[in-house]
Number of protein chains: 2
Amino acid sequence: MLHAPSDWSVREAAFDPSRLPHKETVFTIGNGYLSTRGAFEEGYPGDSPATLVAGVFDEAPFVFRELVNAPDWLPLIVLLNGERFSLDRGQILDYERTLDLRYGVLTRTVRWRSLKGQTVEFHFERFASLADAHLLCQRVSVTPLDFSGEIEIRGEINGDANTLGRSHWQWLEQETSPDTAWLRARTRKSDIEIALAMRLSFSGTGSPREEGWDVENHPTLVVRTWAEKGQTVTAQKLVTVFTSRDGGEPRVSAWARLQPVAGLEWEELLKANVEAWDEEWESADIVVEGDADAQLALRFNIFQLLIAGPRTDDRVSIGGHTLSGFGYYGHVFWDTEIFMLPFFTYTRPHIARNLLTYRWRHLPAARKYAEKGGFAGARFPWESADTGEEVTPPWLPDWRDPSRLVRIWTGDLELHISSDIAYAIWQYWLASGDDDFMRERGAEVILDTARFWAERAEWNAALGGYELKDVIGPDEYHEHVDNDAFTNYLVRWHLGIALLLWDWLRKQAPEVAEELTRRLDLNPARLARWQEVRDKMYLPFDPATGLIEQFSGYFGRRDVKLSDYEPRDTSLQMLLGSEGVSQTQVIKQPDVLILLYLLRDEFDEKTLRANYDYYTPRTDYRFGSSLGPAVQAILACEVGDLDTAYEYFMNAAQMDLYDLRGNTKHGIHGAAAGGAWQAAVFGFGGLKVRENGWTVTSRLPKKWKSLNFRFWYRGKLENIVLP
Amino acid sequence: MLHAPSDWSVREAAFDPSRLPHKETVFTIGNGYLSTRGAFEEGYPGDSPATLVAGVFDEAPFVFRELVNAPDWLPLIVLLNGERFSLDRGQILDYERTLDLRYGVLTRTVRWRSLKGQTVEFHFERFASLADAHLLCQRVSVTPLDFSGEIEIRGEINGDANTLGRSHWQWLEQETSPDTAWLRARTRKSDIEIALAMRLSFSGTGSPREEGWDVENHPTLVVRTWAEKGQTVTAQKLVTVFTSRDGGEPRVSAWARLQPVAGLEWEELLKANVEAWDEEWESADIVVEGDADAQLALRFNIFQLLIAGPRTDDRVSIGGHTLSGFGYYGHVFWDTEIFMLPFFTYTRPHIARNLLTYRWRHLPAARKYAEKGGFAGARFPWESADTGEEVTPPWLPDWRDPSRLVRIWTGDLELHISSDIAYAIWQYWLASGDDDFMRERGAEVILDTARFWAERAEWNAALGGYELKDVIGPDEYHEHVDNDAFTNYLVRWHLGIALLLWDWLRKQAPEVAEELTRRLDLNPARLARWQEVRDKMYLPFDPATGLIEQFSGYFGRRDVKLSDYEPRDTSLQMLLGSEGVSQTQVIKQPDVLILLYLLRDEFDEKTLRANYDYYTPRTDYRFGSSLGPAVQAILACEVGDLDTAYEYFMNAAQMDLYDLRGNTKHGIHGAAAGGAWQAAVFGFGGLKVRENGWTVTSRLPKKWKSLNFRFWYRGKLENIVLP
């Protein structure tokens, strides 16, 4: 058994049913192939057990595709002389749940007295092996404290897992023997097959009786034994999972994978997992001295990113709520490229490469999307799933009156995603020096999206520049705007690096350049157009004030002070309505400030300061976007306001641990997790990576004695300790 | 065992997997409290087992409320020496399925050879007892023909039944012993609790071994025995069902109801059911001599109506697709009052009274609906479920491109439903003489909906009359029309009978009249307004031609011939698009002809003939509304065209039996079933009921030697035999 020290473990010292949905997210375990929410083995009324396997999507009404809840491998039910253990009955005498972030093991110790007065101690453990992503391990130890009697333990695979109330699995086949079972099922529309195999073994007393209950879609293994008072009996349940996405026949793979581990003891199973986690943390850990809260929160976020990152599959990315909940249906947003990816780029670059390859694989769909709008090149969808098509729901029920539908415009208009992806590829290249990736995949994405932009931009004679009309920027409180600053500046940058990259490619890989010239029709006229649009892109900027207007007309909107609405417990959008808030200068997240952060070297100190001072008080950072606080923290570091930086940082870092927005039940805010890492490393650590190397600048919060982080730079793991 | 003669039984002589969804609807059994589709006991890939309990609705996205698929009581799985019986494996040597319409018993005989070469004969039987609506009975007999071995039979209650892919049930509790089990569950939003109790018993060989598998949400009873070659073993499964809508604690009721029947033999269970059905058919049967096809089709439709009609519950009505499928989500339309209700009014008047009371109970919701539009009185929703609120989905995915939504206007504009209900109440009163009902419930509905109409009608000076603008008539191919003939004429009639009724009420029940005067504010000015609107309602009619224009401007629409589009296998709406068809005179169903049918006495022969000749060729009766053919048949009788009448009649009567529209898988077309009965009785039998009595006129199709039907008229069962 592992006993994690407090700065490595998330603890829950008492059971509060009202926190169940939040805690199910917090106590998620996983290994990048799949994650399992922290529902109880024995169930609880209103719980949401969920195992989400990366890439396993199916059709869903109105949201097109959704990540599917896999058959539930968790059920482990204990009966004591026929009385069933459940926390909603009897009396909880002692309770502790701990997630060991170091090795991804979730444990729960419960002392419980049944309605009939039998007192028992339970110890549950589970982990999704990081050494073998298809292997899930569980065990429960049961000790009758004041009686002797029959202990019955039932391990089930529940094939009826539903996804937000929708049933996606069609049962195909199963087999049940007294100690092993397997189940095959298939998604109804996307035809993904899954197979789970299970073994239940037992230790602790003489001669247990084993039985298999072959109920369709619910193969169940039952073991019964007699335990004397004080005697501990333990059942170990191993489950293997494969899908048709893994290649081969899932049933055959799951069965074959179960055989070699079926006889192993818990400690042996754990050993490989421990070694795998050691390697992860070797690169990914951040050590903060002097601030236990920040230390735990940082590790919690890093853990969440690590269990969401695909290690071996480059056909998947990470959804906005990772694999830890049903929020956003597993759809992938810019959250991945701009907020989560830097963590992977610098600490687990092979995962970053997989995430970027996911986008490359969907170039065909992105080309069709551009073509549908009448443009050449590639346009990535605002929300993406497994098909690469736009899966933003165009209509959703109004939260105030579900009989009304609200038009969602982000899928139509939030175009900056295509440049966010180019930006992420460029940063990955800068940090990794992975020329192979750039040559074979990255360049094609950057160049083909550049084609789209050069056609989408329109000449505006009055402005004397190219403009991008009718878009949505990162601040989604304002729709249908012209010349969103973030988008215009980023597109200018994008066209610029596309031209640089083109030169590099022609020199370094002329055969690739030739191939792309042909396929993307990169004729001289097109390249000249890129240069022209880049050079003449309209860039809002007032030299007198240093202010960048968020979009054309923004400064003319009503200037309300957020402080006038305090105290409040919801967003300004909720208070004023979508139409109301759009008439003000209140923003969901700091569009311009994110721009200043991403393209930091293009702006001077004065511009930074002016815009920081202007936009900060107008940003609803508490209830607006979950993406805001981390960027605010980094810019606060840049302008030297470390107290504020720390406040913003902790808001991002503790967002899910303490459910600061009340919606963690829908899943981890992956962007906040990645943002917290960026705030620590790029903010407090001041890491800047440029083409000619990297620099760090220590600007630690008051209470931090030191900050230690590591990152990969061009094949070398750098170890930084800042005082 | 019952052997129904061929004119009482629907037979399937071979198994065709491609017809499975259609046949599941056809082989539905039920008793008005619930129905169960004809899915196989052992399951089949892609099947849709469904048990729908009247009134058990839950919230559903976009359609507000949907009838919920109850926990599945059907599973009965047979293993032969461990080999599981299923029709998708092995070889089917002989197969016959029969639905006995006389007693509601579904039987299936299968001779099957397993993959391992074991040959077995199965005989399955099931019925939902009409004598005790909460009791469901099943049995299977198994005879190994060429081997001896272990026969294992598993009876399950499957709590995971989903409704169109949505999961509505929250498991609560269960208990499993070796021969009995029960399950409790609750709908997620509407908080309806259900409980099912089950007993599995066994006969045929020595000492069977029994076992209970207590898998959560899937309590399963298992019995195993040894059978010698040629020896028949039989398992009987009894299930009782109660919901919280029935009053009391469902678990207690289900358990208590199981006890007295648990020890009964099959024949004893059947006896009470047989007696109950005898009583139903005594009133409801129609006998046709000389036409076996028509005979069987009529009985099939009567059976479908009988198993959908609520015998003891006046808080429910019958959905457009009865309780036999998920089509229209169990929503109730005018189909019930205009098409199905006459059958009940004349043969099972207590059911008609329940159906009308359902509307009366929802007057409060209908008042709110009128008020929401700014009107006094009551307006009934176009689609109604358990709340009485409008549940027509305002938006639905376009069938051609599900990412687009189509605006559905019927909920907003198809107002005639309120007069359809008044019409049904009036007809029920005419036939039954049920003054109690009229005084206590019916009058309030007729008067309060009259209030609505008198306010909804607007004066049009140019027309010199009151008009009803922006409505949809029965012909839904034309939306947003003014002065739909059906609606205007019916509203005029409605206001007229409201005034008659008011006079009657003041004389016969002055205390009720006084109470309603107060509650509905029936002051002299309001009553004068009713008279005024009635007298001056704009009624389209051309005395020169005798034609009634379906709505203002209809004759100006493009006049296309349906024959120009033959051959076709879909509706004109599909061929031309919604917008396209609305620009033509093609109609989904004969708006004006239904009016002529309902208010037959207000029109002369010449008008009837002129409109029949005009509208018939413009009506898409094959692929338009399923409500059309029966009315066409009746009017064809009126104009003396009996060959055509017979063709239309058979189209209505065989619509579901032979899946003439390809959509019977979604459930029985209740209106076509009721329409077929009307065509036989009102069409061929010429029954006319007026205030001073009834008359019949024989106008039988050529091949019919005689027609015998019965109906209740003011407490007396009349028996009619027409040559």
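How much area do chain A and chain B bury between them, and what share of it is on carbon and sulfur atoms? The points below begin with that question and then turn to the helices and to some details of the backbone.

1. This is a predicted model, and in it chain A and chain B bury about 2300 Å² between them, with 59% of that area on carbon and sulfur atoms. Of the area that chain A buries against chain B, 23% is supplied by A:Phe62, A:Trp213 and A:Val215, which is more than any other three residues supply. The contact involves 28 residues of chain A and 28 residues of chain B.

2. Two copies of a chain are related by a rotation about an axis and a shift along it. Here a rotation of 180°, with 0.1 Å of shift along its axis, superposes chain A on chain B with an RMSD of 0.0 Å, which is the relation of a two-fold axis. The residue of chain A that comes closest to this rotation axis is A:Arg166, whose C-alpha is at 2.2 Å. Because 100% of the interface residues of chain A are also interface residues in chain B, the copies meet through the same surface.

3. Two packed helices are described by the angle between their axes and the distance between the axes. In chain A, the axes of helix H5 (residues 334–347) and helix H19 (residues 670–684) come within 8 Å and cross at roughly 50°, and these two helices are therefore oblique to each other. The crossing of H5(A) and H19(A) is left-handed. Among the residues that meet are A:Phe339, A:Phe343 and A:Tyr346 from H5(A), and A:Gly674, A:Trp677 and A:Phe682 from H19(A). By class, the residues of this contact between H5(A) and H19(A) divide into 9 nonpolar, 5 polar and 1 charged.

4. In chain B, helix H7 (residues 363–372) and helix H10 (residues 435–456) have axes that come within 11 Å and cross at roughly 5°, which makes H7(B) roughly parallel to H10(B). The residues that meet are B:Leu363, B:Arg367 and B:Ala370 in H7(B), with B:Glu444, B:Val445, B:Asp448 and B:Phe452 in H10(B). The contact of H7(B) with H10(B) has 4 nonpolar and 3 charged residues, but no polar ones.

5. Also in chain B, helix H3 (residues 266–284) and helix H4 (residues 292–306) pack at an angle of about 120°, with their axes 12 Å apart, and that makes H3(B) oblique to H4(B). The crossing in which H3(B) passes H4(B) is right-handed. In this pair, B:Trp277, B:Glu280, B:Trp281 and B:Ala284 of H3(B) meet B:Arg299, B:Ile302, B:Phe303 and B:Leu306 of H4(B). Of the residues in the contact of H3(B) with H4(B), 6 are nonpolar and 2 are charged, while no polar residue is present.

6. Most residues other than glycine have a negative phi, and most peptide bonds are trans. In chain A, however, a cis peptide bond joins A:Glu566 and A:Pro567, with omega about -10°, and A:Pro567 lies in the loop between helix H13 (524–536) and helix H14 (572–582). In chain B, a cis peptide bond joins B:Glu566 and B:Pro567, with omega about -5°, and B:Pro567 lies in the loop between helix H13 (524–536) and helix H14 (572–582) of that chain.

7. A further backbone detail concerns A:His480, a residue other than glycine whose phi has a positive value, near 55°. A:His480 lies in the loop that runs between strand S23 (465–467) and helix H11 (485–508) of chain A.

Notes:
Residues numbered from 1 in each chain as written. Chains lettered and ligands numbered in written order. Predicted model: local features only at pLDDT ≥ 70, side-chain atom pairs only at ≥ 80, totals over all residues. Heavy atoms only, no water. Axes fitted to C-alpha atoms, helices over the stretch in contact; angles between N-to-C directions. Helix = DSSP H or I, 4+ residues; strand = E, 2+ residues; numbered from the N terminus. Parallel < 35°, antiparallel > 145°, perpendicular 65-115°, else oblique. Left-handed = near helix turned anticlockwise from the far one by under 90°. Contact = heavy atoms within 4.5 Å. Nonpolar A, V, L, I, M, F, W, Y, C, P; charged D, E, K, R; others polar. Least-squares fit on C-alpha atoms with pLDDT ≥ 70 in both. Buried area = accessible area lost by both parts, 1.4 Å probe.
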